[in-house]
Amino acid sequence: MVKIRLSRHGAKKAPFYRIVVADERKARDGRCIEEIGRYNPRTEPVMVEIDLDRYDAWIAQGAQATETVQRLAKNARASQAAE
């Protein structure tokens, strides 16, 4: 199955994440199909960039998003609507 999930990058104790579309059988930081966003929890305010059009396209094709990615996408939509 195809999943939309976080891939960890960055130094020890200083992570940032890429939001990727990947086969669930691949390693967390392994090969991905497509990168659709970035998430950095260490900045103030927290940086979340998601290509919501690509996110919706993958969901329509049957990809499953993890709970964390669903929450990030929901917050990104809310902040986009507020602007």
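Colleague: Which residue does Arg54 meet in a salt bridge?
Modeller: In this predicted model, the side chain of Arg54 meets that of Glu34 in a salt bridge, at 3.0 Å from N to O. This pair links distant parts of the chain, since Arg54 sits in helix H1 and Glu34 in strand S3, 20 residues apart.

Colleague: And is Arg54 buried, exposed or partly exposed?
Modeller: Arg54 counts as partly exposed because its relative accessibility is 30%, and Glu34 is likewise partly exposed, with a relative accessible area of 21%.

Colleague: How many salt bridges are there?
Modeller: The count comes to 6 salt bridges. Among them is the one between Arg77 and Asp56, with 2.4 Å from N to O, and this pair links helix H2, which holds Arg77, to helix H1, which holds Asp56, across 21 residues. Another joins Asp29 to Arg28, where the closest N and O atoms are 2.9 Å apart.

Colleague: Changing topic, which residues touch the most other members of the largest nonpolar core?
Modeller: That core has 17 residues, and those touching the most other members are Ile4, Leu6, Ile19, Ile36, Ile50, Tyr55 and Val69. Strands S1, S2 and S3 and helices H1 and H2 each supply at least two residues of this core, with H2 giving the most, namely 4 residues.

Colleague: What does Leu6 touch, then?
Modeller: Leaving aside residues up to four places away in sequence, Leu6 touches Tyr17, Arg18, Ile19, Arg28, Tyr39, Thr68, Val69 and Leu72.

Note on methods:
Residues are numbered from 1 along each chain as its sequence is written. This is a predicted model: local features need pLDDT of at least 70, side-chain atom pairs count only at pLDDT 80 or more; totals for chains, interfaces and linings use all residues. Side-chain values use heavy atoms; hydrogens and water are left out. A nonpolar core is a set of buried Ala, Val, Leu, Ile, Met, Phe, Trp, Tyr and Cys residues joined through side-chain atoms within 4.5 Å. Buried means under 20% relative accessible area, exposed over 50%, partly exposed in between (1.4 Å probe, protein chains only). Contact means heavy atoms within 4.5 Å. A salt bridge is a side-chain nitrogen of Lys or Arg within 4 Å of a carboxyl oxygen of Asp or Glu.
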